[in-house]
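Q: Let's go through this model term by term. For each name, show me the value and the rule behind it.

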Amino acid sequence: MSRESSLHVKLVEAAAAEIQRRHSGLYSLTLFVDLPSAGRDRPGVIGGYIPDVFAIDTPETCRIIGEAKTPLDCETSRSALQFQAFLSHLSRFPNGVFYLCVPWFYRVRADTLVATAAQAVSAASVQTRIIGSA
């Protein structure tokens, strides 16, 4: 992550916290977050993009990708391609979950964008969750 806005950083932190909270019951859940404070423990490239949050448990029963987007960023073609790449990746694993964290007032539009991306890559099996924050 380079030169991200303070809003984006807050949204990434909120996504990571929500993923940790909702999946705290999983044995050995490991979170990788794309923030400067994470040092080298950051997510790897998935489908040509680095997610803001990547989580997996051991042994693997669930694979989670989290993204944080400001409203303007959410509307870009790059973001649509990111959503498609992440949803396509998750559709290849059982119990894939995709989180998108946006400002609370943008949740309905974000849900539509994620649903459109999921349909485009036939990722109906992936659970999607929109988090409203900031």
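A: A search of the whole structure finds seven salt bridges. This is a predicted model: local features need pLDDT of at least 70, side-chain atom pairs count only at pLDDT 80 or more, and totals for chains, interfaces and linings use all residues. Residues are numbered from 1 along each chain as its sequence is written, and side-chain values use heavy atoms, with hydrogens and water left out.

Q: Why is the contact of Glu18 with Arg22 called a salt bridge?
A: The rule asks for a side-chain nitrogen of Lys or Arg within 4 Å of a carboxyl oxygen of Asp or Glu. Glu18 and Arg22 meet at 2.6 Å, N to O.

Q: Where do Glu18 and Arg22 sit relative to each other in helix 1?
A: They are four residues apart in helix 1 (residues 6–22), which means about one helical turn between them. Helices here are DSSP runs of H or I with at least four residues, strands are runs of E with at least two, and numbering starts at the N terminus.

Q: Buried or exposed: what makes the label for Glu18, and what makes the one for Arg22?
A: Buried means under 20% relative accessible area, exposed means over 50%, and partly exposed lies in between (1.4 Å probe, protein chains only). Glu18 has 15%, so Glu18 is buried. Arg22 has 39%, so Arg22 is partly exposed.

Q: Which salt bridges does Lys69 make?
A: Lys69 meets Glu67 at 3.5 Å, N to O. Lys69 also meets Asp73, at 3.3 Å. Lys69 has 3% relative accessibility and therefore counts as buried. Asp73, at 28%, is partly exposed. Elsewhere, shared partners join Glu18, Arg21 and Arg22 into one salt-bridge network.

Q: What makes a group of residues a nonpolar core?
A: Its members are buried Ala, Val, Leu, Ile, Met, Phe, Trp, Tyr and Cys residues, joined through side-chain atoms within 4.5 Å. The largest such core here has 23 residues, and Phe83, Leu87, Phe98 and Leu100 have the most contacts inside it. Strand 2 (53–56), helix 3 (77–90), strand 4 (96–103) and helix 4 (107–120) each supply at least two of its residues. A second, separate core has 18 residues, including Ile19, Leu35, Ala55 and Val97.

Q: How do you know that strand 4 and strand 5 pair?
A: Pairing needs at least two bridges found by DSSP. Strand 4 and strand 5 (residues 127–133) have seven, so they pair. They run parallel. Leu100 has Ile130 as its bridge partner in strand 5.

Q: Why is Trp104 called exposed?
A: Its relative accessibility is 59%, so it passes the exposed cut-off. Trp104 lies in the loop between strand 4 and helix 4. Trp104 still touches Gly132, Ser133 and Ala134, leaving aside residues up to four places away in sequence. A contact means heavy atoms within 4.5 Å.

Q: How do you know how many disulfides the structure holds?
A: A disulfide is a pair of cysteine sulfur atoms within 2.5 Å. The closest cysteine sulfur to that of Cys74 is in Cys101, 10 Å away, so it is too far for a bond. The count is zero. Cys74 is buried at 3%, and Cys101 is buried at 0%.
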